[in-house]
Amino acid sequence: MNKIQILIVDYGSQYTLVIGRTLRELGVRSVILPPDKAEDWIKNNLPKAVILSGSNWSVHNEGAPELPKSLNVTGVKYPILGICYGMQLLAHKLNGLVERPLAHREYGPANAILNTNHPFFYGVSKKTQVWASHGDTVAKLPKGFISIATSGGIAAMSSKNNRVLGIQFHPEVVNTKEGKKILQNFLNISNCQKDWNPINLIHEIQKEVTGLVGKKNVILGVSGGVDSTTLAAVLAPIFGKRLICIAIDTGGLRANELEELKTNTKSAGVKNLIIINTKKEFIKNIGTTIDGEEKRAKFRKVYQKIFKEQIKKYKAGFMVQGTLATDIIESGKAGKSAMIKTHHNVGLSWEVEDLHPFRNLFKYEVRELARALKLPKAIYERNPFPGPGLFLRIVGTSVSEENIKLVREADKTVANILKKYKLTKNISQLIVALLGINSVGVKGDERVYGHSLAIRAVQTADFMTAKGYYFPQEVVNEITNALTKHKNIVRVFFDMTPKPPATTEFE
Ligand code: XMP
């Protein structure tokens, strides 16, 4: 499968995800990483271009994020485009001057005059409406750079070789009328090829997997979620009954999850679905473990053992999984990126070869594949749910049958309230967790001493970063009332911490 062509270094701008989406609309795939992860990624991958995003930082602030150390800033290895803060950071690091002049602050629509003889602005109007949002500005260009656009001050800059570029306004935002044309020009300068076409990608994956698997049986771990169901739909037409889909009922599934799994795999055309009930084994092994990573390690051990048995039983030659680029990056398996958490299915070893056909894809891209495969909306719009399931949603206390039941019921209650208020579509993932924090409450004039629940909903496109979702007050009240009806639940906390610094899940 095609490698990711563009690295977008995320300095925290609200528009970073929009850069990725706009590039995909132009047919080119990219990866968005914070500066520290970008640092490692770039050591192990040679992108065709690098884009530095905007930010709410000023380059002069203490602790302002830096250029990745491994970034080659000459433009010789790959062209670089700095947008807003990205441009200021480039100018600052290359000994230009970044200032905060009162006269050249822009927030909102602005008019820019472009040098349309420069390849970055080919085919764009000389005078064009753009969207700007900045206090700082590049007052003096670094040596060897020229100004190629103005809007009051310098609005874009270019190195002599035209491969290191900076733009003060936001070409990724629709309010920049000809922004897409400008980004397309950058793709042309970078010699990027169109590589994002869901149907082609499906064919490519089918070809890649068939080439490796030959006539052997294949085992695919399915959870009923977007990734594994879509992968099943990609592979089912070529392998038929040789694709053995294994679903594990770990005991950590949400209410109705197994039924949804059966329906989803059926829509994906799966001919051979095996459901293994191992509830007791997982709970017995995880039991009193409190530490998140330890819990994951124990979960992985049982998970691996079950799959090893199935590989033997079905004489499978390959193990296929719907692991995404995000899972690999966060599990610390992409180059030397830091381990955030060990995903349940990344880096396990089997006696047979392990294939991850979606290893370069992000969730929103898999959703596109599912759409292209004409899978039901319930699949391509489905929110993710982690493999270790509700075990990860019992935090700071033991994973007992009773606690699982409590958190499962609470999850169902909150999900139904969100459905009632038609909020499900606004949210990328809902997390309802039982917190092992005991506190005092009063119910029916009596003192109670019990646990708390935490409710967290996030909005994100790729789960590398996420915004906490703020529920309307009436929804907060309804959720709190409904959950505190349980005799042991005293308090309900709402958690809107973004990722970073928090992760989506509590563990
Ligand atoms: P975090 O918590 O790392 O989660 O921000 C990002 C996304 O990954 C899901 N997640 C997992 N999915 N196995 C999975 O299949 C895992 O071990 C795992 N851990 C986290 C999480 O629910 C979110 O969607």
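Two strands are taken to pair if DSSP finds at least two bridges between them. In this predicted model, strand 10 is joined to strand 11 (residues 164-167) by 3 bridges, and the two strands run antiparallel.

Strand 10 is mostly covered, 7 of its 7 residues being buried.

A contact between helices is formed by helix 8 (residues 279-286) and helix 9 (residues 292-313), whose axes come within 9 Å and cross at roughly 145°; the crossing is right-handed. From helix 8, the residues E281, F282, N285 and I286 meet K295, K298, F299, V302, Y303, K305 and I306 of helix 9. By class, this contact of helix 8 with helix 9 comprises 6 nonpolar, 1 polar and 4 charged residues.

Salt bridges number 25 in the structure. One of them joins E66 to K93, with the closest N and O atoms 2.8 Å apart. Because E66 lies in the loop between strand 3 (49-52) and strand 4 (80-83), whereas K93 belongs to helix 3 (residues 85-93), this pair ties together parts that are 27 residues apart in sequence. E66 counts as partly exposed, at 44% relative accessibility, and K93 also counts as partly exposed, at 37%.

A further salt bridge, between R371 and E368, has its closest N and O atoms 3.2 Å apart. These two residues are 3 residues apart in helix 11 (residues 363-372), and R371 and E368 are therefore separated by about one helical turn. R371 is partly exposed at 37% relative accessibility, and E368 is partly exposed at 24%.

The side chains of K425 and E381 also meet in a salt bridge, at 4.0 Å from N to O. This pair links distant parts of the chain, 44 residues apart, with K425 in the loop between helix 13 (401-420) and strand 18 (429-443) and E381 in the loop between helix 12 (377-380) and strand 17 (394-395). K425 is exposed, with a relative accessible area of 67%, whereas E381 counts as partly exposed at 33% relative accessibility.

Notes. Residues numbered from 1 in each chain as written. Predicted model: local features only at pLDDT ≥ 70, side-chain atom pairs only at ≥ 80, totals over all residues. Heavy atoms only, no water. Axes fitted to C-alpha atoms, helices over the stretch in contact; angles between N-to-C directions. Helix = DSSP H or I, 4+ residues; strand = E, 2+ residues; numbered from the N terminus. Left-handed = near helix turned anticlockwise from the far one by under 90°. Contact = heavy atoms within 4.5 Å. Nonpolar A, V, L, I, M, F, W, Y, C, P; charged D, E, K, R; others polar. Buried < 20%, exposed > 50% of the residue type's maximum accessible area, 1.4 Å probe, protein only.
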